[in-house]
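Please have a look at the sequence and the structure first.

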Protein chains: 2
Amino acid sequence: MISAGPTARRRAALRALLPAVDGGAGVDALLVSDLVNIRYLTGFTGSNAALLVHADGDAASRFCTDGRYRTQAAAQVPDLETVIDRASALALAAQVFAPGVRRLGFESDAVTVDAHDALAAAAEGVALHRAPGLVQRLRAVKDAGEVEALRRACAVGDAALADLLAAGGLRAGRTEREVAHDLEERMRAHGADGPAFATILAAGAHSAVPHHRPTDTELRRGDLVKLDFGALVEGYHSDMTRTVVLGPAAGWQRELHALVAQAQAAGRAALAPGAETRAVDAAARGVVERAGRGEEFVHGLGHGVGLQIHEAPALGKTATDVLAAGMVVTVEPGVYEAGRGGVRIEDTLVVHDDGPELLTHTARELLEV
Amino acid sequence: MISAGPTARRRAALRALLPAVDGGAGVDALLVSDLVNIRYLTGFTGSNAALLVHADGDAASRFCTDGRYRTQAAAQVPDLETVIDRASALALAAQVFAPGVRRLGFESDAVTVDAHDALAAAAEGVALHRAPGLVQRLRAVKDAGEVEALRRACAVGDAALADLLAAGGLRAGRTEREVAHDLEERMRAHGADGPAFATILAAGAHSAVPHHRPTDTELRRGDLVKLDFGALVEGYHSDMTRTVVLGPAAGWQRELHALVAQAQAAGRAALAPGAETRAVDAAARGVVERAGRGEEFVHGLGHGVGLQIHEAPALGKTATDVLAAGMVVTVEPGVYEAGRGGVRIEDTLVVHDDGPELLTHTARELLEV
């Protein structure tokens with residue numbers, strides 16, 4: 001007997017969640033329409049697909065995509081019966097009669113109101129039930145292969161930043177845009193398929209803008225320079241932020257950096273299976289608040305990362321998630337002094353029973369370049 | 001009196017469509033939640049926003065985003081009252097009581113079932129009405145500023161390809177991935193903010209795969225090489241495909257290219273205000289079908305292009321759109337001989353009363369490099 005691959009194991013894990021849908025009434029099958037969830041459950045990377053996960057098993061389940069992806073689907077999803085149809089989700093909904101589905105779950109957090117209308121028409125006589133977030137919940141806990149992919153993506157980010165620094169790429173006179181592009185090219189040279197997201201490169205007062213987009217502003221001696229970037233490797237995203245000073249740091253820069261570093265260490269130390277993510281956020285935020293600067297920490301502490309750059313769990317003041325072993329999250333407090341400068345320090349870590357494991361390894365001490 | 005800017009004019013045009021919503025019953029306001037539509041109507045480029053377009057005018061309308069974008073919103077959307085709230089769409093829905101909205105339209109093609117549930121709860125007592133595609137319909141017809149942005153984006157694509165060819169960048173021994181990246185870098189050098197989409201670079205038998213992603217396969221002498229690429233400039237996307245041969249073309253390559261070129265010319269000639277897009281598709285497809293190769297033309301003829309790479313109108317066998325002056329569309333027939341090679345030729349054009357205007361200018365004759 002062939003041992004099940006990771007996607008078959010994920011579909012089996014999803015099946016185990018189906019009886020709890022609709023307040024415990026359960027569903028006979030789940031129609032998955034979110035493309036990232038479909039990639040997770042099948043390995044398919046095309047831009048149009050739907051997946052019917054039947055409670056009875058893979059033999060009763062169906063994958064659907066359109067004619068452009070016939071060859072790709074055969075290669076990536078060899079273990080599921082594939083239907084070729086342009087209107088993927090509707091085609092599968094119409095098919096549910098065959099396997100005898102009476103109660104069909106759908107991703108109410110991904111399906112639009114119009115798409116739901118069309119589904120209801122295509123699956124006439126079948127009852128549609130809201131089933132949001134099931135696959136996202138599974139995706140939050142990474143399997144060994146996923147952690148390996150994230151480890152490689154994080155290593156690419158570390159290597160690219162080391163190269164940039166070694167080459168003197170962070171220097172006065174270069175623009176934010178040039179440095180951001182340079183860093184992205186170095187990630188590519190180390191094997192990234194591309195940046196994990198649009199690189200944030202923010203110099204001087206721009207460093208106080210949390211999500212600043214690079215401009216033609218030149219870096220100047222004395223600037224705080226915030227670099228928030230990541231690599232995309234095999235569909236997985238890395239995420240890291242470092243804030244450095246061009247030249248010797250001023251006292252206020254050194255103090256700001258030390259405060260954020262202390263908050264970040266507190267946040268990392270709070271990562272443990274069973275911890276409420278709002279408590280992890282509070283561990284870091286408390287450090288900033290006790291310094292009287294809570295108002296300048298304007299965002300959540302972090303987020304899960306994987307096939308998407310932002311995914312479950314959320315780490316924030318109002319978050320309701322609970323950590324589990326195998327979750328991969330960022331810890332990224334920031335303190336932003338409007339008009340002057342800000343510091344953010346971010347790492348990506350795996351939650352383990354015996355303490356968190358850093359996947360990003362670049363030194364966290366204040367760097368004066 | 002200050003003359004209205006383009007975004008105010010677009011909001012006024014949207015207002016004119018509100019009485020027709022819900023079969024002519026009309027709505028008092030439309031809640032816009034699609035971020036591209038919001039960019040079109042306000043100029044805002046952030047990642048979280050909602051817009052309430054009130055039938056009574058801009059004074060009664062509201063824009064909403066979260067705290068990260070306070071400064072950006074003030075700069076990009078100075079002409080609308082702005083609400084800062086993390087749950088943008090819900091905050092605006094809850095506000096509709098104030099301006100006395102009883103009937104609220106929402107984008108049922110963008111709002112998920114769960115988001116609709118939350119909206120209904122936040123706007124208790126207000127009737128929600130499906131209003132899909134209104135802004136997309138406006139966006140299909142470009143104003144002068146948009147055509148200029150598309151013209152610049154297309155010029156960047158032309159210039160980058162000319163540079164690649166002049167530099168001998170298309171040669172045997174380079175990989176698909178290298179050439180694709182080279183082309184993207186050249187677009188950036190000409191002022192693109194990035195590629196308009198992941199460049200398709202397909203050599204040899206790969207050229208027969210319509211949406212092939214570049215691999216480490218090396219280009220070889222005698223290969224058909226398909227390049228489908230575009231530049232992103234000020235939020236607008238260009239789109240062009242050329243298929244060349246490395247070295248002297250074989251007879252079958254020359255014939256295939258001539259057939260597609262003839263189909264493409266027929267498609268371009270059929271672009272006129274009032275033309276049904278399915279008829280434009282048929283004009284090009286007929287050429288391929290009469291050559292007995294209709295089965296190998298496996299996709300639609302083209303699509304609108306603007307703030308998104310694919311937008312209204314659709315040009316295809318089952319499309320129901322009608323062309324109007326000012327629409328910007330691609331014309332891109334392809335014939336794909338599985339396992340051997342394919343040819344696609346694509347231009348971006350503006351529909352005018354006195355005939356279509358090409359925005360992409362690279363020669364369409366078969367190039368042997």
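This is a predicted model: local features need pLDDT of at least 70, side-chain atom pairs count only at pLDDT 80 or more; totals for chains, interfaces and linings use all residues.

## A helix pair in chain A

Let's begin with helix 9 of chain A, residues 251-269, and helix 10 of chain A, residues 277-290. Their axes lie 8 Å apart, and the two helices pack at an angle of about 155°. Since angles over 145 degrees count as roughly antiparallel, helix 9 of chain A and helix 10 of chain A are therefore roughly antiparallel to each other. The crossing of these two helices is right-handed.

Which residues make the contact? Helix 9 of chain A brings Leu259(A), Gln262(A), Ala263(A), Ala266(A) and Gly267(A), while helix 10 of chain A supplies Val280(A), Ala283(A), Ala284(A), Val287(A) and Val288(A). By residue class, this contact has 8 nonpolar and 2 polar members, with no charged ones.

## A sheet in chain B

Now for chain B, where 3 strands form an open sheet in the order 8-9-12, with antiparallel pairing. Strand 8 (200-203) and strand 12 (240-245) of chain B stand at the edges; each has a single partner strand, so one side of each is left without a neighbour in the sheet. On average, neighbouring strands of this sheet are turned by 10° against each other, direction ignored.

## How strands 9 and 12 are joined

How many bridges join strand 9 of chain B to strand 12 of chain B? There are 6, linking residues 224-229 of strand 9 to strand 12 in an antiparallel arrangement.

Technical notes:
Residues are numbered from 1 along each chain as its sequence is written. Chains are lettered from A and ligands numbered from 1 in the order in which they are written. Side-chain values use heavy atoms; hydrogens and water are left out. Axes are lines fitted to C-alpha atoms, for helices over the stretch in contact, and angles run from 0 to 180 degrees between N-to-C directions. Helices (H or I, at least four residues) and strands (E, at least two) are DSSP runs, numbered from the N terminus. Angles under 35 degrees count as roughly parallel, over 145 as roughly antiparallel, 65 to 115 as roughly perpendicular and the rest as oblique. A crossing is left-handed if the near helix is turned anticlockwise from the far one by less than a right angle, and right-handed if clockwise. Contact means heavy atoms within 4.5 Å. Ala, Val, Leu, Ile, Met, Phe, Trp, Tyr, Cys and Pro count as nonpolar, Asp, Glu, Lys and Arg as charged, and the others, Gly among them, as polar. Two strands pair if DSSP finds at least two bridges between them.
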